[in-house]
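Thanks for coming. I have one structure to go through today, and I will take it region by region. Please have the model open while I talk.

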Amino acid sequence: MKPLRITNPAEFGNVAVMMGGSAAEREISLNSGNAVYQALTAQGIAATALDVTGSPIDALAGRQFDRVFNIIHGRGGEDGVLQAVLATLGLPYTGSGVLASALAMDKLRTKLCWQGAGLPTPRWFLLHGEQDIDTCINALGFPVIVKPAQEGSSIGMSKAHNRDELAAALKIASQYRCDVYAEQWIQGQEFTIGMLDGEALPAIRLETPHTFYDFDAKYRANTTQYHCPCGLSAERERELQALALRACQTVGVEGWGRVDAFIDDSGRMQLIEVNTVPGMTDHSLVPMAAKAVGVGFEELVWRILETSVAGTAGAA
């Protein structure tokens, strides 16, 4: 890892830890935010926890902050809206800027960017409604996984093996008021690769007895297995890390993030999505990967906050 650039906590000034929000991932954001807040204050950083329940402008009104640690997951916090507010206010913040945040929040547009850059991602089909189901089946076959394009933590996702299940999955995903698409099901091994300040962290291989790595498998189940080291040869892991960094660079991700990917049974790597405000709970993957290279939770939080300093990601 790169040497720390800041050693005096006073250099960060007054830090707002913005958490919560109104998206479906609010509960996860509050858990992440409280963990981040505790880690900052434990290191002598002047931090204030802000539970954002409505307008982020109202949450910041009348207060003097020098920067923001943004840990709001999902729409309103991870989609460029909050980033635009903070940029307008001249407040440096952690994470990606407006464009990358908006792109990465939209899994469909992210896939289009990757496709345009020649990066591998599973085939997909945009579902406007039930009238598209037969065309989708002809294009992708079965099984497929149906996703709302702008939700995180696997919320609203369902696997479909036949026409009836595809129709039901479309109905579930359509509740989230955004584009819905079916994606070719990838049979193989699932990985996640954290990114911190332009460097890829060790890959983690995920195993779950659930149908896929869904919300329960992520945050509630004790049966999910996390393998780090991931079991790949050093050369293959470096290849996967390099692909993850290219995926981030293509979308413009800065500061920190996490890329989800598969290696299918033929050995082909496939990009699934990138998260610009990953979880920071006790089940979260970026802290797990950082720990594997000797970076504990408090140091990780410090390093993420460093990326908000002028001249790095998110700096106003």
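**A buried glutamate, a helix and some backbone details**

Let me begin with Glu-183, which touches Lys-111, Pro-122, Arg-123, Trp-124, Leu-140, Val-144, Ile-145, Lys-147 and Ile-272, leaving aside residues up to four places away in sequence. Bear in mind that this is a predicted model. Glu-183 sits in strand E7, which runs over residues 180–184. Is Glu-183 buried or exposed? Its relative accessible area is 2%, so it counts as buried. As for polar partners, the side chain of Glu-183 makes a polar contact with the side chain of Lys-147, at 2.8 Å.

Lys-111, one of the residues touched by Glu-183, takes us to helix H5, residues 107–116. The buried residues of H5 are Lys-107, Leu-108, Thr-110, Lys-111 and Trp-114. They cover an arc of only 160° around the axis, so they lie on the same side of H5. What do these buried residues pack against? The list is helix H4 (98–105), strand E4 (124–127), strand E5 (144–148), E7, helix H9 (234–251) and strand E13 (269–275).

Just past H5, Gly-118 has a positive phi of about 80°.

Next, two loop residues. Met-157 is in the loop between E5 and strand E6 (158–160). With a relative accessible area of 15%, against a cut-off of under 20%, Met-157 is therefore buried. Met-157 touches Ile-145, Val-146, Lys-147, Pro-148 and Phe-212, again leaving aside residues up to four places away in sequence. Between the C-alpha atoms of Met-157 and Phe-125 there are 15 Å, and along the sequence 32 residues.

Ser-22 is in the loop between strand E1 (15–20) and helix H1 (26–42). Ser-22 has a relative accessible area of 69%, so it is exposed.

On to the backbone. Most residues other than glycine have a negative phi, and most peptide bonds are trans. Which peptide bonds are cis here? One joins Phe-142 and Pro-143, with omega about -5°. Pro-143 is in the loop between helix H6 (133–140) and E5. Another runs from Cys-228 to Pro-229, with omega near 15°, and Pro-229 is in the loop between strand E11 (225–227) and H9.

Arg-177 is not a glycine, yet its phi is positive, near 50°. Arg-177 is in the loop between helix H7 (163–173) and E7, and is exposed at 77% relative accessibility. Asp-197 also has a positive phi, of about 50°, without being a glycine. The place of Asp-197 is the loop between strand E8 (188–196) and strand E9 (199–200).

How many cavities of 30 Å³ or more does the whole structure hold? The search finds 1. The largest cavity has about 50 Å³ of space. Its lining consists of Met-1, Lys-2, Leu-196, Asp-197, Glu-199, Arg-303 and Glu-306. By class, that lining has 2 nonpolar, no polar and 5 charged residues.

Methods:
Residues numbered from 1 in each chain as written. Predicted model: local features only at pLDDT ≥ 70, side-chain atom pairs only at ≥ 80, totals over all residues. Heavy atoms only, no water. Helix = DSSP H or I, 4+ residues; strand = E, 2+ residues; numbered from the N terminus. Buried < 20%, exposed > 50% of the residue type's maximum accessible area, 1.4 Å probe, protein only. Polar contact = N/O pair within 3.5 Å; in protein donor to acceptor, adjacent residues only side chain to side chain. Contact = heavy atoms within 4.5 Å. 1 Å grid on protein atoms, 1.4 Å probe; cavity = no way out; pocket = protein on both sides within 12 Å on 5 of 7 lines; lining within 4 Å. Points joined across faces, edges and corners; volume = space filled by probe spheres on them. Nonpolar A, V, L, I, M, F, W, Y, C, P; charged D, E, K, R; others polar. Arc of directions from axis to C-beta.
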